[in-house]
Amino acid sequence: MRERLQKAVIVTASLLLPLALIQRFYERRPPYFAAPRTIVDHVDRIEHSQRQTILLLDEVRPLIPRGAQVTCFRVINGKRESDNSNYLTAVGQLPHHVVLPPFAADSLSKSEVVEYVVAIGEPFNSPAYKVIAGFPEGFLYRADR
Amino acid sequence: MFVAGVLLMTLFGAFTWRMESVRRMDLAARVAIAFACGVVVGGVVMFAYSVIGIPWQRWTLAIPLVLAAALWRRDAARPAGGTPALLIFVLLTIYGVATARETTGDLLYFWGPKAQRFFLESRIDVGFLQFPHYYLMHPDYPPLQTLIYSWGAIAAHRFSWWGALYLTPVFLLASVLVFRGYSRNKGFAILLAAVLAYGIGSARSAGGADPLLYLFEVIALCALTFDDDSAIASIALTGAVLTKVEGAAFAIVVLVALVITRRIRALKVFAAPALALGAWILFAKHHGLLDAYARGKSTLHFEQLGMVVKRTLGAFILPWIAAIAPLTLGRNWKRAALPLLVAAGTLAYTIFFYLHEADPAFWIKTSAERVLLTTVIALIVAGAAASSDENVC
């Protein structure tokens with residue numbers, strides 16, 4: 001009797017858990033059977049903050065010379081946000097470049113700012129930079145020296 | 001190619017096929033054990049190469065791999081019989097990673113960047129870890145996960161983000177096959193597969209170190225609970241302490257449980273993990289990387305105890321029920337004593353960790369499902385042990 005009950009409990013749990021998992025998967029947005037463009041396409045009910053960043057970094061990677069110094073941040077009202085996640089994502093997505101934190105684009109002198117800026121979302125308003133490429137996800141800037 | 005390269009590390013674990021406890025298992029469990037032990041041995045080799053200055057190249061790593069493979073011994077394996085239900089959970093996990101539904105952010109923020117850099121530099125890149133602006137990548141975090149990813153990248157000649165994700169169903173399948181091999185209980189093996197697939201998917205931990213940690217935890221617990229197999233347990237605990245900081249806490253809890261239950265001489269099990277962790281901490285200290293292992297003096301916030309306990313226990317309702325309900329119907333409690341003590345200990349240290357934060361609500365929300373899966377695994381091992389008439393004590 002005890003064994004039968006235990007078996008019934010295990011079977012029930014083993015049926016409920018995958019159903020609960022499928023429900024979680026379903027909540028994480030359609031499409032359900034299309035190849036995703038990034039590794040974070042469906043991790044939440046809303047778009048992951050790094051999806052746009054990964055797509056933009058894919059676009060700008062061939063435009064930045066290997067070994068160049070670069071930073072990456074989201075732009076709000078023309079100014080950079082102090083976010084760590086975009087910058088850390090850029091370290092992984094630009095393995096052949098030297099990725100520096102966002103404040104490296106802040107220096108008062110044009111000669112001291114980081115050479116390339118990957119600006120996510122809006123244009124980056126800075127006299128130290130000129131835009132060299134634009135994409136739906138953001139812009140690539142180079143120091144205007 | 002990335003995943004195939006990592007699977008090749010199984011050859012490092014060929015020596016396990018000569019061990020009596022492993023030879024008693026079915027073929028699938030033997031391969032899974034060899035794979036798990038292989039990634040530990042391979043990781044230790046890569047770490048040793050970094051310490052003594054040998055660059056990671058295909059040929060430099062192939063030499064110890066071939067030597068290790070020579071220890072393989074062929075003999076007839078016990079048939080396991082099929083457990084096709086396991087495939088459902090593996091396929092669900094494959095679907096989850098293939099559609100990017102269970103990716104951990106940590107893969108993006110530090111596991112991937114570190115592994116990629118180590119691969120490009122052909123060693124553990126100390127300069128990268130020392131760079132102050134990469135501090136958020138946890139410079140002293142145990143290296144095994146990044147070493148495995150670097151190994152895969154060396155095999156494939158490039159790092160693969162998707163390859164890292166696809167290792168998750170591999171770790172899940174290996175965990176369940178080892179469990180089935182030791183416990184010989186197909187019902188609980190299916191339950192473990194269901195809980196792991198749900199837990200990893202729900203917590204979005206694919207691509208992180210947790211699925212690898214679960215594999216080592218399952219092996220260590222099963223080896224000590226079902227077979228008094230100190231050698232395999234020792235290798236698995238070495239893997240655990242080299243995979244995550246929580247792995248060291250898990251190993252200490254297993255040590256305490258072993259001492260209480262007086263099952264086998266604890267020194268036999270803990271010499272290798274202590275040596276491996278000590279070597280990593282010394283390496284980190286020597287290069288000025290110590291961070292997580294040097295936080296012993298942080299303040300405890302006991303005023304948060306009620307909230308922490310409530311939120312921690314409430315974070316994972318369905319797996320708790322799935323693990324505890326069949327356990328209550330067991331009867332061989334003496335056999336289940338060790339995993340039950342480990343379950344209690346892992347729950348205690350999880351709460352203890354959370355008490356170090358003044359306001360841990362967000363931390364609990366984002367990590368409890370992932371961390372508590374260790375406790376749930378221990379409860380399932382206890383359930384299988386308690387439901388068996390066999391007495392190995």
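I began at the end of a helix: just after α3(B), Gly53(B) takes a positive phi of about 90°. The model is predicted, so I read each value as a property of the model.

**Helix α3(B).** I went back along the helix itself. α3(B) runs over residues 27–52 of chain B. I checked its span next. Its 26 residues reach 37 Å from first C-alpha to last, close to the 38 Å expected at 1.5 Å a residue. Then I looked at burial. α3(B) is mostly covered, with 22 of its 26 residues buried.

**α3(B) against α8(B).** Which residues of α3(B) meet α8(B)? I found Val39(B), Gly42(B), Gly43(B), Met46(B) and Phe47(B). On the α8(B) side they meet Leu144(B), Leu147(B), Ile148(B) and Trp151(B). I sorted this contact by class: seven residues are nonpolar, two are polar and none is charged. I also noted the spacing rule: an α-helix has 3.6 residues a turn, so residues three or four places apart point the same way.

I looked up two residues here. Ser122(B) has phi near 60°, a positive value in a residue other than glycine. I placed Ser122(B) in the loop between α6 (105–121) and α7 (126–130) of chain B. His138(B) is not a glycine either, and its phi is positive at about 55°. I placed His138(B) in the loop between α7 and α8 of chain B. Are these residues buried, exposed or in between? Ser122(B) has 18 other C-beta atoms within 10 Å, so I logged Ser122(B) as partly exposed. His138(B) also has 18 within 10 Å, so His138(B) is partly exposed.

**A cis peptide in chain A.** I checked omega between Pro30(A) and Pro31(A). The value is about 0°, and the bond is cis. Pro31(A) lies in the loop between α1 (2–27) and α2 (51–60) of chain A.

**Chain B against chain A.** How many residues does each chain put into the contact? Chain B gives 40 and chain A gives 34. I listed the elements that give two or more residues on the chain B side: α5 (85–98), α6, α9 (161–183), α10 (186–203) and α16 (317–328). The largest share of that side, ten residues, comes from α10(B). By class, I noted 27 nonpolar, ten polar and three charged residues on the chain B side.

Notes:
Residues numbered from 1 in each chain as written. Chains lettered and ligands numbered in written order. Predicted model: local features only at pLDDT ≥ 70, side-chain atom pairs only at ≥ 80, totals over all residues. Axes fitted to C-alpha atoms, helices over the stretch in contact; angles between N-to-C directions. Helix = DSSP H or I, 4+ residues; strand = E, 2+ residues; numbered from the N terminus. Contact = placed C-beta atoms within 7 Å. Nonpolar A, V, L, I, M, F, W, Y, C, P; charged D, E, K, R; others polar. Expected span 1.5 Å × (residues − 1). Buried ≥ 20, exposed ≤ 12 C-beta atoms within 10 Å, placed from the backbone.
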